[in-house]
Amino acid sequence: MKNKKVLITGASIAGPTLAYWLHKYGFEVSVAERAAALRLGGQNIDVKGPALEIARKMGLEDRIRDANTTEIGIRFVNTDNKLLAEFPKDSALSMTQDLEILRGDLVNILYEHSRKDVLYLFDDYITQVQESPHDISVTFNSGKTETYDLVISAEGIGSSTRKLVFGEETEFKFLGLYTAYLTIEKAATDSRWARWCNARGGIVYMLRPDNYGSTRASVTFLADEKDYKSRSVAEQKQVLIERMRGTGWESDRLINEITRTQDLYFDKVSQVKSPRWSKGRIALIGDAAYCATPIAGKGTDLAMSGAYILAGELSIAETYQEAFDSYEKKMRPYVEKSQKLPPGVPRIVYPTSRLGLFLLNSLFTVAGSSPVKSIISLFGKGKKKEEVDIDLPDYLQINRNRF
Ligand SMILES: Cc1cc2nc3c(=O)[nH]c(=O)nc-3n(C[C@H](O)[C@H](O)[C@H](O)COP(=O)(O)OP(=O)(O)OC[C@H]3O[C@@H](n4cnc5c(N)ncnc54)[C@H](O)[C@@H]3O)c2cc1C
């Protein structure tokens, strides 16, 4: 293919993975990230199945293993912090997996692995695109203009380039939940066990250890869909705090941390359903194209396999149109399967009444009960760790055989 100058937008998981592979196939790659530096927040993610297979192909398995979060299992507790059930790492029902890493550590590993071969531009994003039959001209927020052959958006669920190019055609399936992630100081109640607590009013707190001596917190609650995203961070914090006040357990500690954090990620839990993943010289990958939500436990698998397949198809196709088509053909069935959630999920694990909470907490003590199974399935766990449920062709070999 002649069109080899590519701009990728978004330096998280999908963007740097795509950059690595495109460079390997001889493309000239730049990555523009909207934030001033890598965004390293978030909780544990597990590298399993296709993500692990791709990490191996990239020579990263050992580095990922070395960055293990040290979590030894999960404990379900009630609002008095009384233990209801625990599942150690080696239990079939545990949420903690073999290769568990902080999202930020994986982002950093992927960035470090590609930065010497790829031009990273921070603190910038696309404000305008203009396609011609030969190329695509991009105007950045910084005022700079540059011409590329292709642009790939890996900007996550709220992608502004997707909106600019595809308009309103993307649909969002709101799952009735909002979630917040933040890093907090470790307290005496924290240990190497993750703790899950269902509190009053359809709210779930989860605290997990990290490998830096701090604790990673998530707050997830049931709510009607509102446009919190367009509000300031201070206003988003207020929404969260109001929702958490008086819910018990360690909510006062968390409210205090939210008040002073600089590291808040707060968003609605929605799946992204895009009728097409490319238009002209622009394509979408990762959450920007097909976010399945953290609830599906597939974000890393989808982001890395989409990046791997798109890069591979671009390396073997005669034209970018052909590559975009086969990328979509190969990925779409996997995306559709990954976005399917079991009936009743996620609402089943977010009771709003005291009775519902009591019943759920009683069921937690029964290892094989449906809420426990639902929670484990919510995060895609309890599945065979090595299962690679999408075909990942050996594009390097295919390229070697062709030339
Ligand atoms: C700060 C943060 C914390 C997260 N924490 C968790 C977690 O704890 N658990 C979990 O399961 N998932 C978490 N996620 C989501 C998870 O990373 C994704 O579901 C998945 O890994 C797919 O990654 P992605 O690369 O497609 O998109 P994302 O990880 O969403 O990354 C998108 C990147 O694009 C950048 N960006 C956005 N708009 C633009 C633009 N216009 N131009 C250039 N760059 C842009 C963003 O700053 C970000 O770096 C988090 C995401 C972020 C950004």
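Modeller: Y178, K226, D227, Y228, K229, F266, D267 and K268 form the lining of the largest cavity. The model is a predicted one, in which local features need pLDDT of at least 70, side-chain atom pairs count only at pLDDT 80 or more, and totals for chains, interfaces and linings use all residues. Residues are numbered from 1 along each chain as its sequence is written, and side-chain values use heavy atoms, with hydrogens and water left out.

Biologist: What makes a space a cavity, and what makes a residue part of its lining?

Modeller: On a 1 Å grid over the protein atoms alone, a cavity is a set of points where a 1.4 Å probe fits but cannot get out, and a lining residue has an atom within 4 Å of a point. The search of the whole structure finds two cavities of 30 Å³ or more. The largest holds about 50 Å³ of space, where volume is the space filled by probe spheres set on the points, joined across faces, edges and corners.

Biologist: Which element gives the largest share of the lining of the largest cavity, and how do its residues divide by class?

Modeller: Strand β16 (residues 265-273) gives three residues, the largest share; a strand is a DSSP run of E of at least two residues, and a helix a run of H or I of at least four, numbered from the N terminus. The lining has three nonpolar, no polar and five charged residues. Asp, Glu, Lys and Arg count as charged, Ala, Val, Leu, Ile, Met, Phe, Trp, Tyr, Cys and Pro as nonpolar, and the others, Gly among them, as polar.

Biologist: What lines the second largest cavity?

Modeller: Its lining is D190, S191, W193, R195, L207, R208, P209 and T215, around a volume of about 30 Å³. Strand β14 supplies three of these residues, the largest share. By class, three are nonpolar, two polar and three charged.

Biologist: How do you know that N44 makes polar contacts with T69 and E71?

Modeller: A polar contact is a pair of N or O atoms within 3.5 Å; within protein, one must be able to donate a hydrogen and the other to accept it, and residues adjacent in sequence count only if both atoms are side-chain atoms. The side chains of N44 and T69 are in polar contact at 3.4 Å, and those of N44 and E71 at 3.1 Å. At the ligand, a polar side-chain atom of D287 lies 2.6 Å from a ligand oxygen, and an N or O atom in the side chain of E155 is 3.1 Å from a ligand nitrogen.

Biologist: Why is N44 called buried?

Modeller: Buried means under 20% relative accessible area, exposed over 50%, and partly exposed in between (1.4 Å probe, protein chains only). N44, in strand β3 (residues 44-46), has 9% and is therefore buried.

Biologist: Why is T70 called partly exposed, and D123 exposed?

Modeller: T70 has 29% relative accessibility, so it counts as partly exposed. D123 has 53%, so it is exposed. T70 sits in the loop between α3 (61-66) and β4 (73-77) and has a positive phi of about 75° although it is not a glycine. D123 is in the loop between β7 (119-122) and β8 (126-131), and its phi is also positive, near 65°.

Terms used
1 Å grid on protein atoms, 1.4 Å probe; cavity = no way out; pocket = protein on both sides within 12 Å on 5 of 7 lines; lining within 4 Å.
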